[in-house]
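Here are a few friendly notes to read alongside the structure. Keep the 3D view open and find each feature as you go.

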Amino acid sequence: MDWGMKNRLSKIIRPETGRTVMLAVDHGYFLGPTTGLEEPGKTVAPLLQYADTLMLTRGVLRACIDPSVNVPIVLRVSGGTSILGNLADEGTTVSMRDALRMNVSGVALSIFVGSDLERKTLLALADLINEAQEYGVPVLAVTAVGKDMVRDARYLGLACRIAAELGAHIVKTYYCDDFEKVIKNCPVPIVIAGGKKIPEREALELSYNAIKRGASGVDMGRNIFQSDHPVAMIRSVREIVHNNMTADKAWDFFNMIVNEKKPAMA
Ligand code: 5RP
C-alpha cells in the first residue's frame, strides 16, 4: 500500500485505537432536507471537534463547511436517485479529480446487493476503486439495504464480503444478531451505520455491541444529529469507540453532560 493511501486511511481510522467516529451527514443526497440537517453547517459546527471524520456530499461540503476546518472528509460520490425513485439506480456523481481538489481523505459509494441493479452498483464500486487506487484514496463501500432486504448476518455478511473482495478499504454496514460472523468474514474494517433514530440509550447499546463484536467504529448520523443532545451523544459514542466505555457508563456519561448544560434553577 502506498504512502498516500496509508496516510489517508490513518486520517479516517485513528492509528491510536484502530477505530473511528465518522459523523454521517450525507442523507440529503437522496432524502432532501432530512430532519436535523435543514442547515447542515449549523448542525455539524458543534460536533466537528468530536468527529474523526465527516461524511457528506460535495455540495454541502462546498456550501456549508469552512475550508479551514480541521476534519478529514469522506466524500459521498454516489447518487442520482431520490427516495421517490429506485434507490439502487445510483451512479457516480463526483470525479476523482474534483474529490482530490477538495482534499478528501476517502470516497464513499453505495452498493445494492440483491437488488435488480446489483451488478451495476458492484461494477461502479470496482471502477471507483480502480480509479481511487491510482491516487491513493481509500474507498468506503456502503452496503445499502433495500426495503425488502433482511438485515441479518447472512445478507450483510454477503454484501460486506463482496465489497471487500472488490477491493473496498472500509465497509459500512448495519449491526445485526451474530454480528461477529459479519466481522470474521470480512477482511477489511467495518463501521456501522446507526440507522433510524432510536432512544439514546439504545443507540449507545448498539454502538457498544458493535464495537465489542469487532466493529472498527461507527459511521453514525441520525442518532447523533436528531438527538435533543447531539454533542452529548457524539461524545458518549466517542467514549465507547475509543475508550472501550461500556453502554451503561456511556449512558451515565451522556446524562452527566446533559445535566451539566442545564441552566441553574433561580
Ligand atoms: C445514507 C448513509 C448514511 O450516511 C448512513 O446511513 C449513516 O447514517 P445513519 O446513522 O443516520 O444511518 O450512507 O445512505
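This is a predicted model: local features need pLDDT of at least 70, side-chain atom pairs count only at pLDDT 80 or more; totals for chains, interfaces and linings use all residues.

1. As background, strands of a sheet pair through backbone hydrogen bonds, either parallel or antiparallel.

2. Strand β8 covers residues 170–173 and strand β9 covers residues 190–193; the two run parallel and are joined by 3 bridges. To find your place, look for Thr 173, which stands opposite Ile 192 in β9.

3. Next, the helices on the sheet.

4. Which residues touch the most other members of the largest nonpolar core? They are Leu 23, Leu 54, Leu 75, Val 107 and Phe 179, in a core of 80 residues. Apart from it lies another core, of 13 residues, including Ile 13, Met 55, Val 74 and Leu 140. In soluble globular proteins, nonpolar side chains tend to be buried together.

5. Aromatic rings come next: a search of the whole structure finds 3 aromatic pairs. One of them joins Tyr 29 and Phe 30, with ring centres 5.0 Å apart; the planes meet at 75°, so this pair is edge-to-face. Is Tyr 29 buried or exposed? Its relative accessibility is 18%, so Tyr 29 counts as buried, because the cut-off for buried is under 20%.

6. Compare that with Trp 251 and Phe 254, an aromatic pair that is stacked, with 5.4 Å centre to centre and 10° between the planes. These two are separated by about one helical turn because they are 3 residues apart in helix α12 (residues 247–261). Trp 251 counts as partly exposed at 21% relative accessibility, whereas Phe 254 is buried, with a relative accessible area of 4%.

7. One last thing to find: the charged end of Arg 151 sits over the ring of Tyr 174, at 4.0 Å from the ring's centre.

Terms used. Residues are numbered from 1 along each chain as its sequence is written. Side-chain values use heavy atoms; hydrogens and water are left out. A nonpolar core is a set of buried Ala, Val, Leu, Ile, Met, Phe, Trp, Tyr and Cys residues joined through side-chain atoms within 4.5 Å. Buried means under 20% relative accessible area, exposed over 50%, partly exposed in between (1.4 Å probe, protein chains only). Two strands pair if DSSP finds at least two bridges between them. Helices (H or I, at least four residues) and strands (E, at least two) are DSSP runs, numbered from the N terminus. Rings of Phe, Tyr and Trp (its six-membered ring) pair if their centres lie within 6.5 Å; planes under 30 degrees apart count as stacked, over 60 as edge-to-face and the rest as tilted. A charge sits over a ring if NZ of Lys or CZ of Arg is within 6 Å of the ring centre and within 35 degrees of the ring normal.
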